[in-house]
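Subject: Structure handover

Hi,

Here is the structure for your files. My notes on a few sites follow below it.

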Amino acid sequence: MKRIITIGILGLLFFASNVTVTVAQEPTKPEETEIWEPKPKVVIVDPETKIPSDAIVLFDGANFDEWISVIDSTEVKWVLNNDGSMTVKDKTGDIQTKRNFGSVQLHIEWRSSLENTGSNQSKSNSGVFLQKRYEVQVLDNNNNDTYVNGQVGSIYKQSIPLAKASAPTGDWNVYDIIYHAPEFDSKGNKTKSATITVLHNNVLIQDHVTIKGTTEYIGWPKNTPHGKAPLMLQDHGDNSGVSYRNIWVRELN
Ligand code: MG
């Protein structure tokens, strides 16, 4: 027995002598934890418009060049105002960008109508649809309650906003949106859900929320595979009178 133990200890010592154990050394100089490459690209923000230099301007009030009508893919029928904005023309249909987008940073400003006397979902209802499928609700909820997963700033029927940060009716609102598109495999299965973060007038109202699928009026979210797709703005069809202005996007992929 004594001999076996002795051989065992000798074996362990032999094994240990042939094993290299790497122990991470704690850095002793600040330079050891500095990374210099690759350098982030330089983006300049225009001091007047506040638009980043790498943004695609989708609407600056001059024309509808970046947009088409969803119904028939012809020119937009909405109203081009002389104050740099556009207004939904009732029952002319949604409009969409000519370009397709994946993940984006989106800036868009919208205004509810002082003339709109509707209630519930019929008071200045419009919507910002990412990839033509996923709606961030636009609605005048000032003195106007509705179901909370369909109120202003909701991911329609999916995510209640963390706060109601609306400007007074008739004043301009700002949405700043960070959106990451979903991913699908070759068989059409979703391998990564879309996520969205929304600031409403600088207030965080959607905090890296997972989008379950399409934002349906009736029924559950659907997940038909898709690639890049247009940004779409909604004509809700009930004389919303909603206006938009200053729309720009930065592509994130
Ligand atoms: Mg809507």
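Asp 54 has 25% relative accessibility, so it counts as partly exposed (buried is under 20% relative accessible area, exposed over 50%, partly exposed in between; 1.4 Å probe, protein chains only). This is a predicted model, in which local features need pLDDT of at least 70 and side-chain atom pairs count only at pLDDT 80 or more, while totals for chains, interfaces and linings use all residues. Residues are numbered from 1 along each chain as its sequence is written, and side-chain values use heavy atoms, with hydrogens and water left out.

Salt bridges

Asp 54 pairs with Arg 250 in a salt bridge, 2.7 Å from N to O. The term means a side-chain nitrogen of Lys or Arg within 4 Å of a carboxyl oxygen of Asp or Glu. The two residues are 196 apart and link distant parts of the chain. Arg 250 sits in strand S15 (residues 243–251), and Asp 54 in the loop between helix H1 (2–17) and strand S1 (56–59). Helices (H or I, at least four residues) and strands (E, at least two) are DSSP runs, numbered from the N terminus. Arg 250 is buried, because its relative accessibility is 17%. Lys 41 joins Asp 54 and Arg 250 in a network of salt bridges.

How many salt bridges does a search of the whole structure find? The count is eight.

Another one joins Asp 140 and Lys 123, at 3.7 Å from N to O. Asp 140 is in the loop between strand S8 (134–138) and strand S9 (172–180), and Lys 123 in the loop between S6 and S7, so the pair ties together parts 17 residues apart in sequence. Both ends are buried: Asp 140 at 2% relative accessibility, Lys 123 at a relative accessible area of 13%.

Lys 91 and Asp 90 also form a salt bridge, with their closest N and O atoms 2.9 Å apart. Here Lys 91 is exposed at 61% relative accessibility, and Asp 90 is partly exposed at 25%.

Ser 124

Ser 124 lies in the loop between strand S6 (104–111) and strand S7 (126–130). Its relative accessibility is 0%, so it counts as buried. A polar atom of the Ser 124 side chain lies 3.0 Å from the backbone nitrogen of Ser 113. The backbone oxygen of Ser 240 is 3.3 Å from a polar atom of that side chain. Beyond neighbours within four places in sequence, Ser 124 is in contact (heavy atoms within 4.5 Å) with residues including Asn 116, Val 138, Asp 140 and Val 242.

Best wishes

Key
Polar contact = N/O pair within 3.5 Å; in protein donor to acceptor, adjacent residues only side chain to side chain.
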